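Trainee: I would like to learn to read the local features of a model. Can we take them one at a time?

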Amino acid sequence: MTNQNKKPEKIRGLVLGGGGARGCYEVGAWQAFIDSKIKFDCVAGTSIGAIVGAIYVQQTIDPLIQFVYDLRPGNIVADMPDIPENFEEIVANRNALLQFVGSYVRNGTDISPLKESLEKMFDYAQFKASPIDYACMTFNVTKMQGEPFFKKDLTEKDAVDVIIASASCFPAFPMAKLGSDLYIDGGYEDNLPIRLCQQMGAEEFVVIDVHGPGRVRRMDPEIHDIKTIQPLLPIANFLDFSEAQAVRSLRIGYLETMKYYDQFCGYLFTFESRNWPKIYMCERYLDLTISRQFKIPQDMPEKAYTRILGYRPPQLDNQYDSHYFYGKLIECLAFEVGMDPVQLYDYDEFLKELDGKLNELPALEMPDSIRTVHEFVHNRKKEEILAFFHSELVLHNGRLPILHEPLKNMFEVQFYLAYVWYSLHLYLDRSKS
């Protein structure tokens with residue numbers, strides 16, 4: 001095929017949503033784009049998405065990563081103390097908190113530290129020379145309407161001020177002044193400015209939605225080529241600018257985006273893609289073994305995550321998902337014993353650690369009568385009920401005693417997880433031999 005007949009590539013746009021401290025997830029996603037060799041022709045952002053997007057245009061991620069690793073509340077708002085995590089810390093830090101609140105009521109917040117950080121990272125000449133186009137959304141309070149700014153509109157004198165205006169999350173942050181008009185966070189107009197990417201000519205869209213506060217406009221029904229990336233694991237509150245939460249959000253953004261693009265496998269836990277044959281082999285073994293006894297309902301992973309985590313994570317569509325049913329239930333077992341999902345695991349090591357932690361769950365001495373058993377189980381924690389079912393399966397070669405059968409309907413999540421645990425242990429024993 002000649003170059004004349006070669007079909008031109010579509011313009012690819014990146015949309016970065018607003019969300020304060022949650023924007024650290026977007027920095028991790030950018031790391032994943034680099035490792036996956038994914039590039040964009042234009043980027044549109046709101047609030048923190050406008051900041052990350054401006055640095056993306058420069059293609060200088062290192063200062064932004066360092067910004068995340070150095071993040072403190074005082075690096076965003078002058079004199080802002082760390083957010084206490086519990087009542088004891090509130091009492092211990094009450095003087096600093098009261099002083100900050102009093103200053104906020106009298107004078108508002110001073111976000112000059114955030115502006116200074118952006119000025120250090122932002123290079124107008126590099127930004128302007130980049131072939132990547134840019135736009136950010138603000139809200140013009142003086143005119144009471146949303147106002148986008150495009151790369152072609154930004155000057156060396158006002159570029160940083162415009163980007164900061166997009167991130168001026170009023171009333172937590174003060175209004176920004178551009179010329180004679182006052183501006184606040186673009187989330188008041190559109191927290192996911194897909195339309196701005198459209199205006200820059202994008203035909204393919206990748207949208208990172210960190211679910212920050214703000215208005216999300218209805219998507220154009222004509223847009224079909226769109227990929228949405230959103231957190232599967234919980235990330236920080238949008239005003240939690242602590243280093244630990246910032247780094248955790250960045251790592252989650254990296255691991256999850258790599259899974260969105262098939263570079264890693266797993267769902268809420270993450271495994272190197274080279275582990276997939278082992279994962280698939282385990283899936284097949286569990287399916288063949290468990291299906292001889294019964295069929296686990298297809299919605300059981302969603303029920304298990306909801307019961308254990310307290311929420312239902314978004315769906316992850318990648319090439320591995322349709323063959324990762326038991327893997328999700330195994331992940332639920334890992335949550336039950338407190339394993340950390342924010343790291344990259346080798347699957348063999350993951351199963352070994354999981355098996356060890358499951359075996360550390362305390363064994364329960366069972367009462368004799370069925371009535372006492374019901375009372376006994378109802379007063380137990382969910383991990384204790386899990387251990388109860390597992391011990392019964394071990395004692396009775398994979399079956400429940402007839403008197404205990406009604407309990408599996410009352411505690412179906414724990415029963416099915418216990419059966420996966422029981423079968424997984426058999427699989428690991430056979431793998432050793």
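Mentor: First, the ground rules. This is a predicted model, where local features need pLDDT of at least 70, side-chain atom pairs count only at pLDDT 80 or more, and totals for chains, interfaces and linings use all residues. Residues are numbered from 1 along each chain as its sequence is written, and side-chain values use heavy atoms, with hydrogens and water left out.

Trainee: Is Trp 30 buried or exposed?

Mentor: Buried means under 20% relative accessible area, exposed means over 50%, and partly exposed is in between (1.4 Å probe, protein chains only). Trp 30 has 3% relative accessibility, so it counts as buried.

Trainee: Which residues does Trp 30 touch, leaving out those up to four places away in sequence?

Mentor: Contact means heavy atoms within 4.5 Å. On that basis Trp 30 touches Val 52, Ile 55, Tyr 56, Gln 59, Thr 60, Ile 61 and Leu 64. Take Gln 59: Trp 30 and Gln 59 are 29 residues apart in sequence, and their C-alpha atoms are 9.9 Å apart in space.

Trainee: Now helix pairs. How do the axes of H2 and H6 cross?

Mentor: Axes are lines fitted to C-alpha atoms, for helices over the stretch in contact, and angles run from 0 to 180 degrees between N-to-C directions. Angles under 35 degrees count as roughly parallel, over 145 as roughly antiparallel, 65 to 115 as roughly perpendicular, and the rest as oblique. The axes of H2 and H6 come within 11 Å and cross at roughly 10°. H2 and H6 are therefore roughly parallel.

Trainee: Which residues make that contact between H2 and H6?

Mentor: H2 supplies Ile 51, Ile 55 and Gln 58, while H6 supplies Leu 114, Leu 118 and Met 121. For residue classes, Ala, Val, Leu, Ile, Met, Phe, Trp, Tyr, Cys and Pro count as nonpolar, Asp, Glu, Lys and Arg as charged, and the others, Gly among them, as polar. The contact of H2 with H6 has five nonpolar residues, one polar and no charged.

Trainee: And what is the angle between H6 and H8?

Mentor: Roughly 130°, with the axes of H6 (residues 112–121) and H8 (residues 159–166) coming within 10 Å. That makes H6 and H8 oblique to each other. Leu 114, Lys 115, Leu 118 and Glu 119 of H6 meet Val 160, Asp 161, Ile 163 and Ile 164 of H8. Here the residues divide into five nonpolar, no polar and three charged.

Trainee: Backbone next. What is the phi of Lys 37?

Mentor: Positive, about 60°, although Lys 37 is not a glycine. Lys 37 is in the loop between H1 and strand E2 (42–46). Its relative accessibility is 72%, so Lys 37 counts as exposed. Ser 47 also has a positive phi, near 60°. Ser 47 lies in the loop between E2 and helix H2 (48–58). Ser 47 is buried, at 7% relative accessible area.

Trainee: Is the peptide bond from Phe 170 to Pro 171 cis or trans?

Mentor: Cis, with omega near 10°. Pro 171 is in the loop between H8 and strand E5 (176–178).

Trainee: How many disulfides does the structure hold?

Mentor: A disulfide is a pair of cysteine sulfur atoms within 2.5 Å. The structure holds zero. Cys 136 is buried at a relative accessible area of 0%, and Cys 332 is buried at 0%.

Terms used:
Helices (H or I, at least four residues) and strands (E, at least two) are DSSP runs, numbered from the N terminus.
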